[in-house]
Structure formats: C-alpha cells, structure tokens
Amino acid sequence: CEIEKFTKKEIFERDNWICQICGKPVDKNLKYPDPYVATLDHIVPLAKGGNHTRDNVQLAHFICNSYKRDLDQATAQTVVKLSNRKRQKQEVLPGLV
C-alpha cells in the first residue's frame, strides 16, 4: 500500500468542508461522538487494496463514512441517500415508518 504524508485538515480544506459522499456541508466545530463530525474516508478502502494517498481520500461525515463501510463510492452514495430518506420520513411521520 502506498502511503503519503498529509493532514486531515489539508484534505478537509481541499474538499471545502463538504461531505464527498452525501454532498452536504460538514461543521468543522463538531466533535466526536457527533454523527456528523468530519472523518477521512478512503475512496478505495485500504482493505480492498486502496492507498493512503491524497487522491484516494476525501472528507466524509462520520455517519456517511459508517454507511459506506468498504463499498465503492457509487454504492455508498445510494445507501446514504436511501438512509437519509428513511430518516426524513421518520422525522415527518414519527411512529408510522
């Protein structure tokens, strides 16, 4: 596995504090365990042969990164969209979903 040195902040600023999975802003003031805290996501997971390089990492909300697991980017984006829809329905119709 190829490894480059860089900081999380460098990647977060490169990505303009936008989650690269769901496309929504990331609040730089949030701290773990908030589910929307900033995390570093490996686009091609290390477990699947991805590298720890600038071109293989991106900013992601903790929750989006958790949903992504070791899925490819397109599948992860679909999973996050579906989970967001389910969450929105639960907020609008509590107890009915």
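## Lysine 9 and glutamate 13

Lysine 9 is exposed, at a relative accessible area of 53%, where exposed means over 50%, buried under 20% and partly exposed in between (1.4 Å probe, protein chains only). Glutamate 13, at 42%, is partly exposed. The two side chains form a salt bridge with an N to O distance of 3.7 Å; the term denotes a side-chain nitrogen of Lys or Arg within 4 Å of a carboxyl oxygen of Asp or Glu. Both residues belong to helix 1 (residues 8-14), four residues apart, about one turn of the helix. Helices (H or I, at least four residues) and strands (E, at least two) are DSSP runs, numbered from the N terminus.

## Basis of the model

This is a predicted model, in which local features need pLDDT of at least 70 and side-chain atom pairs count only at pLDDT 80 or more, while totals for chains, interfaces and linings use all residues. Residues are numbered from 1 along each chain as its sequence is written, and side-chain values use heavy atoms, leaving out hydrogens and water.

## Other salt bridges

Across the whole structure, five salt bridges are found. In one of them, glutamate 10 meets arginine 54 at 2.7 Å, N to O. This pair links distant parts of the chain, 44 residues apart: glutamate 10 lies in helix 1, and arginine 54 in the loop between strand 1 (38-42) and strand 2 (57-61). Glutamate 10 is partly exposed at 34%, and arginine 54 is partly exposed at 32%.

Arginine 14 and aspartate 15 form a further salt bridge, with their closest N and O atoms 3.0 Å apart. Arginine 14 is partly exposed at 38%, whereas aspartate 15 is buried at 9%. Shared partners join Glu4, Glu10 and Arg54 into one network of salt bridges.
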